[in-house]
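Subject: Structure handover

Hello,

Here is the structure I promised to pass on. Please open it beside this email and follow along.

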Amino acid sequence: MYTTPYLYRIFEDRRKELGLKQEDVGMLITGRPDSSVLQNIRRGAMPSIKRVSELCDVLQLECYVGPERKAGTGKGHRPGAAQERENR
């Protein structure tokens, strides 16, 4: 299960890679320069699936919901997933 710190780190790392400010991300999603789109996640608020999808679109990330994909099949493989399964 994804935690808010994990989601925030993914979104923040990608935002920085793209050279966007948090306000830029907010503008692309809400139409106003608003950093709260990401700051709410940083503060621990779990975003809705709609907001996750919007963030993924803006940040050019894949958004996938479904059965776990097999390791090594390309898209959707989450780094560390195999290790997590071994630790269960």
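Let us begin with the charged side chains. How many salt bridges does the count come to? The count comes to six salt bridges. Keep in mind that this is a predicted model.

**Salt bridges**

Start with Arg15 and Glu12. Their side chains meet in a salt bridge, with N and O 2.7 Å apart. Both residues lie in helix H1, three residues apart, which is about one turn of the helix. Are Arg15 and Glu12 buried or exposed? Arg15 is buried, and so is Glu12.

Now move to helix H4. Glu54 forms a salt bridge with Lys50, and their closest N and O atoms are 3.7 Å apart. These two sit four residues apart in H4, about one turn of the helix. Arg51 also forms a salt bridge with Glu54, with the closest N and O atoms 2.8 Å apart. Arg51 and Glu54 are three residues apart in H4, again about one turn of the helix. Salt bridges that share partners join Lys50, Arg51 and Glu54 into one network.

Why does Lys50 count as exposed? Its relative accessible area is 59%, and exposed means over 50%. Arg51 has a relative accessible area of 26%, so it is partly exposed.

**The whole chain**

Now step back. The protein chain has five helices and zero strands. Read along the sequence, the pattern is α-α-α-α-α. The chain has 88 residues, and 27% of them count as buried. It exposes about 6100 Å², and carbon and sulfur atoms supply 52% of that area. Residues 24 or more positions apart account for 48% of them.

**Confidence**

The average pLDDT of the chain is 85, and 81% of the residues score at least 70.

**The nonpolar core**

The largest nonpolar core has 13 residues. Which of them touch the most other members? They are Phe11, Val25, Ile29, Leu38, Ile41, Leu55 and Leu59. The elements that give two or more residues to this core are H1, helix H2 (22-30), helix H3 (36-42) and H4. H4 supplies the largest share, four residues. As a general point, nonpolar side chains tend to be buried together in soluble globular proteins.

Have a look at Leu38. Leave out residues up to four places away in sequence. Leu38 then touches Tyr8, Phe11, Glu12, Arg15, Gln22, Val25 and Leu55.

**Back to Arg15**

Arg15 is in helix H1, which covers residues 4-17. Why does Arg15 count as buried? Its relative accessible area is 10%, and buried means under 20%. A polar contact of 2.7 Å joins its side chain to that of Glu12. A polar atom of the Arg15 side chain also lies 2.6 Å from the backbone oxygen of Leu20. What does Arg15 contact beyond its neighbours within four places in sequence? The residues are Leu20, Lys21, Gln22, Val25, Leu38 and Leu59.

**Two loop residues**

Pro33 lies in the loop between H2 and H3. Its relative accessibility is 57%, so Pro33 counts as exposed. Setting aside neighbours within four places in sequence, Pro33 is in contact with Glu23 and Met27. The C-alpha atoms of Pro33 and Gln22 are separated by 8.2 Å, and these residues are 11 apart along the chain.

Where is Gln60 found? Gln60 is in the loop between helix H4 (49-58) and helix H5 (81-86). Gln60 is exposed, with a relative accessible area of 57%. Its phi is near 55 degrees, a positive value in a residue other than glycine. Most residues other than glycine have a negative phi. Find Gln60 in the viewer and check its place in the loop.

Best wishes

Terms used:
Residues are numbered from 1 along each chain as its sequence is written. This is a predicted model: local features need pLDDT of at least 70, side-chain atom pairs count only at pLDDT 80 or more; totals for chains, interfaces and linings use all residues. Side-chain values use heavy atoms; hydrogens and water are left out. Buried means under 20% relative accessible area, exposed over 50%, partly exposed in between (1.4 Å probe, protein chains only). A polar contact is a pair of N or O atoms within 3.5 Å; within protein, one must be able to donate a hydrogen and the other to accept it, and residues adjacent in sequence count only if both atoms are side-chain atoms. Contact means heavy atoms within 4.5 Å. A nonpolar core is a set of buried Ala, Val, Leu, Ile, Met, Phe, Trp, Tyr and Cys residues joined through side-chain atoms within 4.5 Å. pLDDT is the predictor's confidence in each residue, from 0 to 100. A salt bridge is a side-chain nitrogen of Lys or Arg within 4 Å of a carboxyl oxygen of Asp or Glu. Accessible areas come from the Shrake-Rupley method with a 1.4 Å probe; for residues, only the protein chains shown count as cover.
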